[in-house]
Amino acid sequence: MDLSYFLDSDVRIEKIEWVRLPGERWREIGCNARKGWHGKVYINEVARVTIAGITGFGWSPVNQSQASHWIGTPIKDVFSANGRVNEPFRSMEYPLLDWLGKITNTPVYALITDNRSNKVQVPIYETTLYFDDLHLSNQQEAIKFMQNRAMEGWAIGHRSFKIKVGRGARHMPLLEGVNRDIAIINGIREAVGSSAHIMIDANNSYNLNITKQVLSETAHSKLTFIEEPFYEDPVLLEDLQEWMDLCGIDVLVADGEGLTAAPALVEWAMKGLIDVIQYDIRFYGFNKLLELEDRLKGTNVKQAPHNYGGPFGNYASAHIAPYMKKFTFIEWDEVNIPGVDTSAYQIDEGRVLVPNLPGFGLELDDRYFLKKIQSEGWTIRI
Ligand SMILES: [Mg+2]
């Protein structure tokens with residue numbers, strides 16, 4: 001059965017369940033330019049929707065009052081004819097897309113593209129190289145420590161790495177912090193070799209001159225992109241792009257995560273001031289990212305959706321990537337969530353192999369989920 005069958009039918013949303021499932025990141029991570037210790041624990045908001053007796057689940061911030069409003073809604077109001085989730089229902093877009101994939105026996109990437117392949121692979125990068133070295137006052141020891149952290153990622157299959165920078169913004173004296181950023185970038189390049197992609201992320205903590213200094217002194221480390229060097233400002237971004245052209249430094253500028261992203265960001269990207277847009281895979285959302293991709297058609301703008309602190313975003317990004325002509329990398333944030341089996345996804349040589357399974361290809365442990373719902377969650381049914 002395909003979607004058009006359901007759009008013509010009287011099938012309706014029967015049940016919505018929601019609970020927070022605890023998870024644990026694969027390792028402890030430290031501070032970034034803005035925040036303190038990030039740790040290991042992560043809480044995942046998961047909704048499960050039942051329609052025509054079939055369930056779909058995924059990350060969702062849906063609340064009880066929205067859910068009560070939506071119960072009994074016919075499917076033809078929820079999806080558009082091309083399988084996109086209509087705007088009012090997007091706080092539950094992941095469970096709904098998973099459902100659509102499961103009931104039509106189709107992976108989500110095949111719902112949104114012509115790709116029916118069972119060999120979809122998407123480049124990923126390891127995203128947990130934080131300021132884990134702050135306890136070390138000796139620079140050589142700090143470099144060694146961070147090199148080892150990068151190689152732990154290498155050992156589990158990563159070949160691309162993003163390094164948090166901006167130590168001098170809050171956690172270290174300014175010049176000492178900038179110097180340590182530079183030493184660690186170059187040290188990690190030495191450790192991972194020339195074939196790996198290395199990105200840096202300053203969380204808006206540099207200014208234009210610090211950015212230029214860091215990019216000059218790491219030029220031989222050949223960074224792929226610099227993320228959020230400073231708060232988006234078209235005057236400063238233009239200066240940075242012109243300066244890189246003059247110096248022959250070829251590092252992409254990436255930006256767009258979070259609430260402080262400039263409203264004109266997409267326009268600035270279309271003018272060449274920003275090369276990679278990083279709107280968040282969850283909070284900006286899957287369907288809005290598809291719409292953004294349609295808008296970017298014919299431009300040089302790339303997408304690398306932001307995905308930190310949300311393991312579900314790993315898998316969502318894997319399915320949206322085949323739709324994006326200039327997709328760069330999935331920001332891979334490995335978190336183990338008891339009750340959610342993600343083993344159909346495999347990481348190999350810097351790529352994730354995406355399973356050719358219905359929906360998002362994840363399995364929910366029914367008994368565990370029900371127990372959690374009964375003790376800490378809620379259910380709304382017709
Ligand atoms: Mg970031």
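Domain bounds come from an automatic or database domain assignment. For the protein chain, this assignment gives domain 1 (3-105 + 365-381) and domain 2 (120-354). The structure is a predicted model, in which local features need pLDDT of at least 70 and side-chain atom pairs count only at pLDDT 80 or more, while totals for chains, interfaces and linings use all residues. Residues are numbered from 1 along each chain as its sequence is written.

**Overall form**

- The secondary structure of the protein chain comes to 13 helices and 17 strands. Helices (H or I, at least four residues) and strands (E, at least two) are DSSP runs, numbered from the N terminus.
- The radius of gyration is taken over C-alpha atoms, and the globule rule is 2.2 Å times the number of residues to the power 0.38. With 382 residues, a compact globule would have a radius near 21 Å, and the 22 Å of the protein chain agrees with this.
- Along its principal axes, the C-alpha trace of the protein chain spans about 65 × 45 × 40 Å.
- A residue is buried if 20 or more other C-beta atoms lie within 10 Å of its own, exposed if 12 or fewer, and partly exposed in between, with C-beta atoms placed from the backbone. Buried residues make up 48% of the 382 residues in the protein chain.
- Two residues are in contact if their C-beta atoms, placed from the backbone, lie within 7 Å. Among contacts between residues at least 6 apart in sequence, 73% join residues at least 24 apart.

**The two domains and their contact**

- The centres of domain 1 and domain 2, taken over C-alpha atoms, are separated by 28 Å.
- In domain 1, 26 residues are in contact with 30 residues of domain 2.
- On the side of domain 1 that touches domain 2, at least two residues each are supplied by β1 (13-29), β2 (39-51), β3 (54-59), α4 and α13 (366-376). The largest share of this side, seven residues, comes from β1.
- By class, this side of domain 1 has twelve nonpolar, six polar and eight charged residues. Here Ala, Val, Leu, Ile, Met, Phe, Trp, Tyr, Cys and Pro count as nonpolar, Asp, Glu, Lys and Arg as charged, and the others, Gly among them, as polar.

**Strand β1 and its partners**

- Two strands pair if DSSP finds at least two bridges between them. Strands β1 and β2 pair in the antiparallel sense over twelve bridges, and the bridge partner of W18 in β2 is A47.
- Strand β1 is also joined to β17 (residues 378-381) by four bridges, and the two run antiparallel. In β17, E17 has T379 as its bridge partner.
- Two bridges join β1 to β12 (residues 335-336), again in an antiparallel arrangement. The bridge partner of R25 in β12 is V335.

- Helix α4 is mostly covered, as eleven of its eleven residues are buried. Among them are Y94, L97, W99 and I103.
- G83 lies in the loop between α3 (75-78) and α4. This glycine is buried, with 21 other C-beta atoms within 10 Å.
- Residues up to four places away in sequence aside, G83 touches L3, L100, L111 and I112. G83 and L3 are 80 residues apart in sequence, yet 7.0 Å apart in space, C-alpha to C-alpha.
- N105 follows α4 and is found in the loop between α4 and α5 (108-112). N105 is exposed, with 12 other C-beta atoms within 10 Å.

**Helix α11**

- In helix α11 (residues 286-296), the buried residues are F286, N287 and L289. Seen down the axis of α11, these residues fall within an arc of 160°, so they line one face of the helix. The arc is that of the directions from the helix axis to the C-beta atoms.
- What covers the buried residues of α11 includes α4 (93-103), β10 (302-303) and α12 (311-320).

**Positive phi values**

- Most residues other than glycine have a negative phi, and most peptide bonds are trans.
- N105 has a positive phi, near 55°, in a residue other than glycine.
- N203 also is not a glycine, and its phi is positive at about 45°. N203 is placed in the loop between β6 (197-201) and α8 (208-217), and is buried, with 20 other C-beta atoms within 10 Å.
- G298, which follows α11, has a positive phi near 85°.
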